[in-house]
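Thanks for coming. I have one structure to show, so please look at the screen while I go through it.

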Amino acid sequence: MNYIFAAMLMIAAIWGIFSGNGEAVSSAMLQSGISTAELMLTVTGGMVLWSGIMAIAEKSGLTDILAKFIRPLLRLIMPGLEKGSDAEKYVCMNISANILGLGNAATPPGLKAMRAMAEQHRHLNGRPDSEMVTFAVLNTASVQLIPATVMTLRSAAGSSDPGGIMPCIWITSLCALTAGLLVCKALHPAAKGDCNHG
Amino acid sequence: MGNYIVVLTVSGIILFGMMKKVKVFDVFLEGAKEGLHTAVGIIPALTALTLCVSALRASGAVEALGQLTAPFIEMAHIPPETLPLMLIRPISGSGALAVLQGIFSSCGPDSTAGNVASVMMGSTETTFYTITVYFGSVGVKKTGCTIPAALTADLTGMIIAALTVNLLM
């Protein structure tokens, strides 16, 4: 991240000066603090609101109910996961929290799931097995029902229908997830083999 | 349609909480406090990345990159304004937020670019960060085919985002 940060600023500075936009870059830099403050207020407001709502969903057991529906699907994509194991329990909790948009609530069970899976596969010696890879891909694909931050930003920008993009988001994230899982399986000829040729 | 989903979700969650005898107001406050912590936590990164993003936009480099790749992304009917978002999304969540905000203020949230950018943002994750956190926590250094698979998912998401917006919106 350090290199990316430095590179972006360097490119902006050099490009700006050589293309005659140096002045514009200077004023953009000065303005950026102000636009951050505006962005921050919007994002903070949305996060506070939805974290509150989703805390109720979690406390009332909605996440556990969702986890029950997820379990059979999980058999399909992570067949190596032992039935009734701790790993399976944590994976379900992680996925249902993700679906409800509880990003923060999803991480602790997600990390526990990883640890449980790593303990089952000590022999792999620092290499992930196919279940761990699948699980990581699941978490990078962001399947969620309520894209709260996006909707908050849209509504702050004056959108006439902030939530109208939700169906598109559901379809898109499912397609993206499917593509990711297919690549996982394709690069993994043996269902139980380890992934060391990537 | 989307706006009804919000009403139904919020009221449904609160009603379900009441049925399960959850102290809904107290729990809301607890959760909201946690949300505030997270939001405050991303402020430094958000400031740094907004600086980069606005400087890059003003310098004209983003435009030049857009012109360079225009033939490719036009084939997929992806609005060229969303190119910076596609590039930064897997690397930095705060950077992506800054880019998304920029697209909203220059094109409007209900424009095609605004809609496609919203779908891209909502259907993908900060891939590299997530992989680092999850594998880092168990000391796995070789991530094998995780990154190719996750990036394929991201790329698919970007293309399908443009497709769904063109078909459904």
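Predicted model: local features only at pLDDT ≥ 70, side-chain atom pairs only at ≥ 80, totals over all residues.

Residues are numbered from 1 along each chain as its sequence is written, and chains are lettered from A and ligands numbered from 1 in the order in which they are written.

Start with chain B. Chain B has eight helices and zero strands, where helices (H or I, at least four residues) and strands (E, at least two) are DSSP runs, numbered from the N terminus. From that end the order of elements reads α-α-α-α-α-α-α-α. The C-alpha trace of chain B spans about 60 × 45 × 30 Å along its principal axes. Of the 169 residues in chain B, 52% are buried. Buried here is 20 or more other C-beta atoms within 10 Å of the residue's own, exposed is 12 or fewer, and partly exposed is in between, with C-beta atoms placed from the backbone. Among the contacts in chain B with a separation of 6 or more, 64% join residues 24 or more positions apart. A contact is two residues whose C-beta atoms, placed from the backbone, lie within 7 Å.

Now helix H6 of chain B. It covers residues 112-123, which is 12 residues, and reaches 16 Å from its first C-alpha to its last, close to the 16 Å expected at 1.5 Å a residue. The expected span is 1.5 Å times one less than the number of residues. How many residues of H6(B) are buried? The count is 11 of the 12, so H6(B) is largely enclosed by the rest of the structure. The buried ones include Asn115(B), Val119(B), Met120(B) and Gly122(B). What covers them includes helices from both chains: H7 (148-156) and H8 (166-186) of chain A, and H4 (83-88), H5 (93-107) and H8 (146-168) of chain B.

The axes of H5(B) and H6(B) come within 9 Å and cross at roughly 165°. Axes are lines fitted to C-alpha atoms, for helices over the stretch in contact, and angles run from 0 to 180 degrees between N-to-C directions. H5(B) and H6(B) are therefore roughly antiparallel to each other; angles under 35 degrees count as roughly parallel, over 145 as roughly antiparallel, 65 to 115 as roughly perpendicular and the rest as oblique. The crossing of H5(B) and H6(B) is left-handed, meaning that the near helix is turned anticlockwise from the far one by less than a right angle, with clockwise being right-handed. H5(B) contributes Ala96(B), Leu100(B), Ile103(B), Phe104(B) and Cys107(B) to the contact, and H6(B) contributes Ala113(B), Gly114(B), Ala117(B) and Met121(B). By class that is eight nonpolar, one polar and no charged. Ala, Val, Leu, Ile, Met, Phe, Trp, Tyr, Cys and Pro count as nonpolar, Asp, Glu, Lys and Arg as charged, and the others, Gly among them, as polar.

The second pair spans the two chains. H6(A) and H8(B) have axes that come within 9 Å and cross at roughly 30°, and the two helices are therefore roughly parallel to each other. Their crossing is right-handed. Val133(A), Ala136(A), Val137(A) and Thr140(A) meet Thr146(B), Ala149(B), Ala150(B) and Ala153(B) in this contact.

For the interface as a whole, 86 residues of chain A are in contact with 86 residues of chain B. On the chain A side, the elements giving two or more residues are H1 (2-18), H2 (22-59), H5 (103-120), H6 (130-140), H7 and H8. The largest share, 24 residues, comes from H2(A). That side of chain A divides into 51 nonpolar, 30 polar and five charged residues.

Last, two loop residues in chain B. Lys21(B), in the loop between H1 (2-19) and H2 (24-59), has a positive phi near 60° and is not glycine. With 8 C-beta neighbours inside 10 Å, Lys21(B) counts as exposed. His77(B), in the loop between H3 (61-75) and H4 of chain B, also is not a glycine and has a positive phi of about 55°. His77(B) counts as partly exposed, because 13 C-beta neighbours lie inside 10 Å.
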